Amino acid sequence: MHNPYWKLIEKNRIDFKKRRIETLFEIDKNRFKNFSLKIEDLYFDFSKTNIDEDTIQNLRKLAETSNIMNKINSMFRGEKINITENRAVLHTALRNFNNNSLLKNSKVNKTLVSRYKVISKFCNKIRNGKKKSCTGDKFTDVVNIGIGGSEIGPKFVTRALSEYHNGPKIHFVSNIDPSDIDYIIKNLNPNKTLFVLSSKSFTTTETIYNSKTAIKWVCSKLGSDGIKNFVAVCSSKERALDFGILSENIYEFDEWVGGRFSVWGPIGLPIMLAIGVDQFKEFLEGGSQIDYHFKNEEISKNIPLTLALIGFWHSTICKYSSRAILPYESKLEYLTTYLQQLDMESNGKSVNLSGEKIGYPTTPAIWGQIGTNNQHTFFQFLHQSNQIIPCEFLLGANCVEKKYDKNHHSQLIINCIAQTEALMLGLNSKTHHKEKNENVDLHKYCEGNRPSTILLYRELTPKILGKLLALFEHRTITEGFLWNINSFDQWGVEIGKTIAKRLTENYKEDKVRNFSSSTLNLLSEINKLKEFKDYE
């Protein structure tokens, strides 16, 4: 990159590579205050990173001179910033259609308002029993069939807001492995089960196969009327109609909604069915509030932008190749999976917007688990391996479940905060500079100096969850702007699909050729195993 601040930030890293994080608290007595940000009931602390005042100012100047705010406004205006697909990126409109001044009275806005009313009405009828199964029964269960963005976001949010469920029970099927759908439907009553078939293109192999299996199962028990128990959520109504879904049971969204950003619209139908329209509105409102903050707040006080600058510092400047996501709330168990898709599908790129190869790292590998489970699995690696992994903690100050002993949740808080301290200080941190210290048992020694951030929230309500998701979305997008890449396509996803399609066509005709010898021999061995029978 030619931006001079990029070079200055690299110099910051070289100058302070061996500096310990805790020394920054000695230099700046107000470090916690100076290296933390707050928006209402969210608090972001990044004081336990090896970023000093000079570095953070250079990072902010990098964002400013990279025209980040102009790029953000271009996205909100609906300009076609997804250049490889010539599309706008307007997922934010899904949660702002009532107060988005940039799109007010536009055709896009009117369409969104109309669609939201239709799907809300449908949701209410399912929940209150006015819309019944083809057998006249009230729906007690909903099975969402979809994969990628059509499953990960809705599954994550539905689990996270489990304390707010007051509708039908929600199930998710995604994998093409037949055991996935079998595990779900074998315990369900087809008379009382609604199926939501979610696919943007309505051509996704996994979704098509699973949907056909579900239709066959329902119609074998209920007859051809069983198709009335199926609805489709897609951007290709014609394909859904060709598949046999009734026109009144098809709910559309636009192509400018990327799958990993689609949870706010019709793809979020399972969430709406679980928690109700009013709580879903709260979820949208939380996202909308962060949109306003992201678009209007100055760089130095902008939390999503600061998250992105820290991510850029760790992955591109410090060359840390992965990022640990550590939510200390069991209901956030699918957050890591959600962020894996959001970050790695968006920013796992090596070509810039001009189509040129880039020589710097972009998104790190995303992994993690819920606390305190993580402390008994991979924290050994975080504390004592020779790799440094930036850690991102999430912690709720309050627990939604009020019926338990308050000390139960207090121990969760204590464990989380203790880990941030331990990662920074390590063990024997005051003596680690000595070349010889016979009192230090190296088997127990932890170097420390491991960076971490923590995102505190009041309590996991629908509105706060909406804020958290919008924060992470905007962090991902801003990182893409900093790296000068297109965060909104995913051509790497397509290559495997293309080869699978070609292999399927040849496999059916028993004319498999033009593949590597490894692939051909693997297929041969699979066929042998299919024919093998153990009679003993």
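Reply: With the largest pocket. Its lining has 14 nonpolar, 20 polar and 13 charged residues. The model is predicted, so local features need pLDDT of at least 70, and side-chain atom pairs count only at pLDDT 80 or more, while totals for chains, interfaces and linings use all residues. Residues are numbered from 1 along each chain as its sequence is written, and side-chain values use heavy atoms, with hydrogens and water left out.

Me: What makes a residue nonpolar, polar or charged here?

Reply: The type of residue decides. Ala, Val, Leu, Ile, Met, Phe, Trp, Tyr, Cys and Pro count as nonpolar. Asp, Glu, Lys and Arg are charged, and the others, Gly among them, are polar.

Me: What makes a space a pocket, and what makes one a cavity?

Reply: The way out decides. Both are sets of points on a 1 Å grid over the protein atoms alone. In a cavity, a 1.4 Å probe fits but cannot get out. A pocket is an open set, with protein on both sides within 12 Å along at least five of seven lines. A lining residue has an atom within 4 Å of a point.

Me: How is the volume of the largest pocket known, and what is it?

Reply: Grid points are joined across faces, edges and corners, and the volume is the space filled by probe spheres set on the points. For the largest pocket that gives about 1,300 Å³. It has 47 lining residues, and Ser201, Thr203, Thr204, Glu494 and Lys497 are the closest to its centre. Elements giving two or more residues to this lining are α9 (205-222), α14 (335-347) and α18 (491-508). The most come from α18, with 10 residues.

Me: What makes a stretch a helix or a strand?

Reply: Both are DSSP runs, numbered from the N terminus. A helix is a run of H or I with at least four residues, and a strand is a run of E with at least two. The chain has 19 helices and 11 strands.

Me: Why is the chain called as compact as a globular protein of its length?

Reply: Set its radius of gyration, taken over C-alpha atoms, against the globule rule: 2.2 Å times the number of residues to the power 0.38. For 536 residues the rule gives 24 Å, and the chain has 25 Å, which is close, so the chain is as compact as a globular protein of that length. The C-alpha trace spans about 80 × 65 × 55 Å along its principal axes.

Me: Which cavities does the search find?

Reply: There are three of 30 Å³ or more in the whole structure. Two elements give two or more residues to the lining: α6 (107-128) and α12 (277-296). By class, this lining has 11 nonpolar, one polar and two charged residues.

The second largest cavity holds about 100 Å³. Its lining has 17 residues, with Gly311, His314, Arg323, Pro390 and Glu392 the closest to the centre. The most come from α13, with five residues.

Me: What is known of the second largest pocket?

Reply: Its volume is about 500 Å³. Of its 18 lining residues, Cys399, Glu401, His408, His409 and Leu412 are the closest to the centre.

Me: Why is His408 called exposed?

Reply: Exposed means over 50% relative accessible area, buried means under 20%, and partly exposed lies in between (1.4 Å probe, protein chains only). His408 has 59%, so it is exposed. His408 sits in helix α16 (residues 406-425).

Me: How do you know that Asn449 is buried?

Reply: Its relative accessibility is 15%, so Asn449 counts as buried. Asn449 lies in the loop between α16 and β11. Its phi is near 60 degrees, a positive value in a residue other than glycine. In the whole chain, 51% of the 536 residues count as buried.

Me: Is Glu40 buried or exposed?

Reply: At 55% relative accessible area, Glu40 is exposed. Glu40 lies in the loop between β1 (36-39) and β2 (42-45). Its phi is also positive, near 50 degrees.
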